Amino acid sequence: GQPLGPRRLSLKPVPKLPNMEAFLREALVKLKKQTRGFLAPELCFQAVKAATEMPFADGVRKERELFMVLQSSGQARALQYAFFAERATQKWRTASGASWNSSSPQPIRRAAVIGLGTMGRGIVTSLVKANIPVVALEQDLEYLNTGRKAVMLLLEREAMKMEQGAQTLDFHNPARLQFTVDFDLLRDVDLVIEAVFENMALKKEIFHKLSRICKPEALLCTNTSALNIDEIASATSHPQQVIGTHFFSPAHVMRLLEIIYGRHTSPTAIATAMQLAKALRKVGVVVGNCFGFVGNRMMFPYVQQAVFLVEEGSRAEAVDEALEGFGFKIGPFRMSDLAGLDVGWRSRQGQGLTGPSVPAGTPARQRHGQRYSPLPDLLCESGRFGQKTGKGWYQYEKAGGRTATPDPWLHNFLAQYRDTHGIKTRFIDQEEILERCLFSLINEGFAILAEGIASGPEHLD
């Protein structure tokens, strides 16, 4: 029987928790750790904190002030730029004038993946998640079974994540996912992604085989991070169907898909690869063919500067901290350990920069008249390949471990290395680390634009 007068929530006092201050302090520490360098989450926190301490009207006023700070911030402008840049990459064009608005894709009803190493497993998982039926192929039964187990484990994890969003993942059905060692099962696929390791002879042998077995209109994709697309295409009888699809590791998580066209790649092939990127919910970026394309070509000088800094007296963890503090999710040395140091090592051996093919009498720290650091090669020669072996630039709790801790072994190794080469160490501050690593990235970006390998700055960014 009480009157139902208006009850304005905004006039009620905020109930106090007994340990309010300690709770907020802890929350802020947690937040800063998870969103390092980001302004917005911290300002959101301040707005919530104001709501617990002030009357409603003052709290709203405070929230508005915080919003105005964010709205005019450099981070807001950068995020808006990134938003539009991602959309600009959908409007691709090639150096010869083919473009997104004059080319249409072929349908992809069924795909195949060759090679079930780390990359192949992630690619199979991405295709299954996109509801594209997949044939997964390995060279022999032993590799096939290892690959199958690993793929199933990945898919089970993804399925659990998706079920929380009330979606299901049907991957036990052989019509959706089939494992085989038989190339003949690739006769009717619309698209093949080759994901074997970076070895030109092996890739050419596979593409020669594919060009005999697959239907002529099938798209033949190579997941390569640096090898020449034209040379791979030369092993086939229809080079217009060959294209590079460079996934980034782990392939079922990373959103970038670098799409590389060769001299003969048809506009339809490019449009189909872009359509694939969209189906996989990735950002497809079309780039030209050169060593390392765009992603890795920009990474080479960046990582190289990081190694030079360590030669001169910096520590790997100091370089990583400086770049992570600046805003990178992961520093160059932790990134190298995660990707595997042997990947770059194999690539440098292929280029004749290290290993038995280097001419006798070549200075240890020079190649082709340019400064060179043999440090990453020496680590690989000691069997230190990064996380996969439990030791790289850092040490890990076990092979395949994820937690990086500084390694005293490396400290001693560097001291000996510097002695051998007569390098005098000096103190290197954060500013120098940032300038040398970032300017190397930026300068390489300008060179890529100047050569027309990327058609616009947004594609690089």
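**Labels and the cut-offs behind them**

Author: Let's start with strand S7, helix H9 (residues 267–279) and strand S8, which make a right-handed β-α-β unit. Bear in mind that this is a predicted model, where local features need pLDDT of at least 70, side-chain atom pairs count only at pLDDT 80 or more, and totals for chains, interfaces and linings use all residues. Residues are numbered from 1 along each chain as its sequence is written, and side-chain values use heavy atoms, with hydrogens and water left out.

Reader: What makes S8 "mostly covered"?

Author: Five of the five residues in S8 (residues 283–287) are buried, and buried means under 20% relative accessible area (exposed is over 50%, partly exposed is in between, with a 1.4 Å probe and protein chains only). Val283, Val285 and Val287 point one way, while Gly284 and Val286 point the other way. In a regular strand the side chains alternate between the two faces of the sheet.

Reader: Which residues touch the most other members of the largest nonpolar core?

Author: Ile114, Leu186, Leu210, Phe333 and Trp393, in a core of 63 residues. That core draws at least three residues from each of domain 2 (111–289) and domain 3 (295–356 + 370–459), with domain bounds coming from an automatic or database domain assignment. A second, separate core of 44 residues includes Ile132, Ala269, Ala277 and Val286. Both are called nonpolar cores because a core is a set of buried Ala, Val, Leu, Ile, Met, Phe, Trp, Tyr and Cys residues joined through side-chain atoms within 4.5 Å.

Reader: What does Ile114 touch?

Author: Leaving out residues up to four places away in sequence, its partners include Leu137, Phe183, Leu186 and Leu210. Contact means heavy atoms within 4.5 Å.

Reader: Why is the pair of Trp409 and Phe413 called stacked?

Author: Rings of Phe, Tyr and Trp (its six-membered ring) pair if their centres lie within 6.5 Å; planes under 30 degrees apart count as stacked, over 60 as edge-to-face and the rest as tilted. Here the centres are 4.9 Å apart and the planes are at 10°, so the pair is stacked. Both residues lie in helix H15 (residues 408–420), four residues apart, about one turn of the helix. Trp409 has a relative accessible area of 34% and is therefore partly exposed, whereas Phe413, at 15%, is buried. The structure holds seven aromatic pairs, and Tyr302, Phe326 and Phe328 form one aromatic cluster.

Reader: Buried or exposed: how do you classify Ser440?

Author: Ser440 sits at 13% relative accessibility, so it counts as buried. Its place is in helix H16 (residues 430–450), and it touches Pro301, Tyr302, Gln305 and Glu435, not counting residues up to four places away in sequence.

Reader: What makes Phe293 and His368 worth a look in the backbone?

Author: Most residues other than glycine have a negative phi, and most peptide bonds are trans. Phe293 has a positive phi of about 55°, and His368 has one near 50°. Phe293 is in the loop between S8 and helix H10 (295–311) and is buried at 0% relative accessibility. His368 lies in the loop between strand S9 (366–367) and strand S10 (370–371) and, at 70%, counts as exposed.

Reader: What kind of peptide bond joins Ser249 and Pro250?

Author: A cis one, with omega about -5°. Pro250 lies in the loop between strand S6 (242–247) and S7.

Notes:
Helix = DSSP H or I, 4+ residues; strand = E, 2+ residues; numbered from the N terminus. Right-handed = clockwise from strand over helix to strand, strands pointing away.
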